[in-house]
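Let's take a walk through a protein chain together.

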Amino acid sequence: MHISRRRIGWKAGSLFALAVGWVVQSTSVPITSGDSPREIDQLNVAAFPTFVGKAVCAECHRSNFEMHQASGHASTFTLTSEPVVSNLFDGKTVDAGELHGLFHYRSSEEGLLVLRALDESVDEMVPMKFPYALGSGRNAITLFSILREESKTSSIMEHRVSWYPGREGEPSNHQVTDSRQTGRFGLTPGHTNSEPLDAMDCFGERIRGEKMDSCIDCHTTSGKIVDHELTDLIPNVDCEKCHGPGSEHVRLARRMDNPPAFSVGRSDWDGESEIQLCGSCHRLPRHVSPKELRDYSSELLRLQPIGLLRSECYVKSGRSLTCSTCHNPHQDARLKSTADYDQDCRTCHQPHVESQVACSVSTDGGCVKCHMPPISVEQDMVFHDHWIRVRENE
C-alpha cells in the first residue's frame with residue numbers, strides 16, 4: 001500500500017500559531033509546568049513554536065487530558081523494556097511457521113530480545129533485538145526494530161508475530177498475566193503469505209521509505225529515523241500531535257485572560273481541515289490504489305475515513321458530517337455506548353422532520369448494527385464499517 005507522508009497534524013498547528021502575531025527574536029526556552037507567568041514573559045520567542053508536553057496542556061485542559069489518557073492514542077508507541085509490553089512477551093515461545101521457525105522472547109534492559117530456532121532441539125539460536133512496539137493493545141501490539149541496510153539507508157523490521165487481546169469468552173493460547181487483559185499471539189496482519197528471502201527476513205517484514213516514515217509519524221507526536229537511530233522522540237499521539245506545538249499558545253495563555261484561539265479552535269478550522277487531519281493517519285482515498293477503492297475489501301475497514309467519505313450521510317449533508325460528529329477526539333471511541341451512537345444517527349434522521357430521511361425499519365435504534373456493523377478482519381480484529389449505507393441481502 002502506498003502511503004503519502006503528511007505531517008498535517010502539527011504542521012497545521014504551527015501555521016495557525018504563526019497567525020497569532022508574535023515577534024520573532026531567538027531560540028526559545030522549553031516551557032514546563034513549573035514556570036511562573038513572570039518567567040514565561042521573559043522567555044525569548046522562537047521562529048516556530050516548540051513542544052511543551054501534555055502535562056502542560058493539562059494545566060488548563062484537565063478534562064480532555066484525563067479522557068485522552070484512557071484512550072488508545074495515549075499508548076500507541078512503547079519501549080519494549082517497559083513492563084506493559086515486556087510482560088506480555090517475556091518467557092513465551094511462539095511458532096511462526098515452517099519457514100520462519102520458533103521465536104523465544106526474553107526481556108532485557110534494552111528491550112525485548114527475540115531468539116529464533118528452527119525447532120525446540122536447537123541449542124544455538126539467532127537473536128535479534130526489538131526495542132520498540134506499536135499499538136495500544138486494543139487491537140494489537142507489534143514489535144519493530146531499526147535496521148541498517150547495505151545501501152546505508154534505514155529500514156524497520158516489523159516483527160512477524162503480534163500480540164492480540166483476548167475476546168470475551170475466548171481462551172488464551174498462552175497464560176499472559178497483564179493489568180489490561182489476557183491475550184494471544186498470532187501473525188502480524190499482512191504476514192500470512194510472506195516467505196523469507198534470507199535469515200533476517202525470518203523475523204518479519206522490512207519496511208522502507210515513506211511507509212517506514214509513516215509508521216513512526218502516525219504512532220508518535222514527534223519522531224524520525226536519522227542515521228539508523230530514532231531521534232526527537234515524543235511517543236504516542238498526544239495533544240500536540242493534532243493541535244500543534246504549544247509553546248506560543250501557553251506563553252500567551254499565561255499572560256492573558258482571553259488568549260487567542262489555537263489550532264483547531266480557530267475560526268478558519270472547518271470540516272475539511274478535520275477530515276484531512278484525522279485522515280493523515282487513519283487514511284484517505286489518496287493513500288490507497290484505485291483498485292482497492294473499487295473493491296473495498298475488508299482490509300479497508302481499518303481505514304475509517306475512506307468509508308465515511310463515500311457515505312451518503314457525508315455527501316448529502318453538504319460534507320458537514322465529520323469524525324467528531326460522532327466521536328469525541330479526546331475520548332476512547334469504545335467508551336461511548338452503541339445507544340449513544342444510535343442517537344447521533346437519529347439527530348439527522350428524524351421522522352417528523354420533512355427534510356430528513358427516516359429509517360423505514362426502525363426510528364428508535366439499531367442504526368449502527370444495521371448500517372455500520374462490526375466486522376471481523378484478519379486475526380479476528382473487529383472494526384465497524386464506516387461506509388454508512390443500506391445493506392441489501394444482509
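**A guided tour of the chain**

The chain has 15 helices and 14 strands; helices (H or I, at least four residues) and strands (E, at least two) are DSSP runs, numbered from the N terminus. Before going further, note that this is a predicted model, in which local features need pLDDT of at least 70, side-chain atom pairs count only at pLDDT 80 or more, and totals for chains, interfaces and linings use all residues. Residues are numbered from 1 along each chain as its sequence is written, and side-chain values use heavy atoms, with hydrogens and water left out.

Now for the whole chain. Of its 394 residues, 41% are buried (buried means under 20% relative accessible area, exposed over 50%, partly exposed in between, with a 1.4 Å probe and protein chains only). Among contacts with a separation of 6 or more, 54% join residues 24 or more positions apart; a contact means heavy atoms within 4.5 Å.

Next, look at the charged side chains. Side chains of opposite charge can pair when their charged atoms come close. A salt bridge is a side-chain nitrogen of Lys or Arg within 4 Å of a carboxyl oxygen of Asp or Glu, and the count by this rule is 17. In one of them, Glu-59 meets Arg-254 with N and O 2.8 Å apart. Glu-59 sits in the loop between helix H3 (54-57) and helix H4 (62-69), and Arg-254 in the loop between helix H8 (247-253) and helix H9 (271-282), so this pair ties together parts that are 195 residues apart in sequence. Glu-59 is partly exposed, at 39% relative accessible area, whereas Arg-254 is buried, at 18%.

Arg-206 and Glu-149 form another salt bridge, at 3.5 Å from N to O. Arg-206 belongs to strand E10 (residues 204-207) and Glu-149 to the loop between strand E7 (141-148) and strand E8 (154-165), so parts 57 residues apart in sequence are tied together. Both residues also belong to a network of salt bridges that links Glu-149, Asp-198, Asp-201, Arg-206 and Arg-208.

Finally, find strand E11 (residues 220-226). Is it mostly covered or mostly open? Five of its seven residues are buried, so E11 is mostly covered. E11 pairs with strand E12 (residues 229-235) in the antiparallel sense over five bridges, where pairing requires that DSSP finds at least two bridges between two strands. Val-226 has Glu-229 in E12 as its bridge partner. Two residues lie between the strands of this hairpin, and Asp-227 takes a positive phi near 50 degrees.
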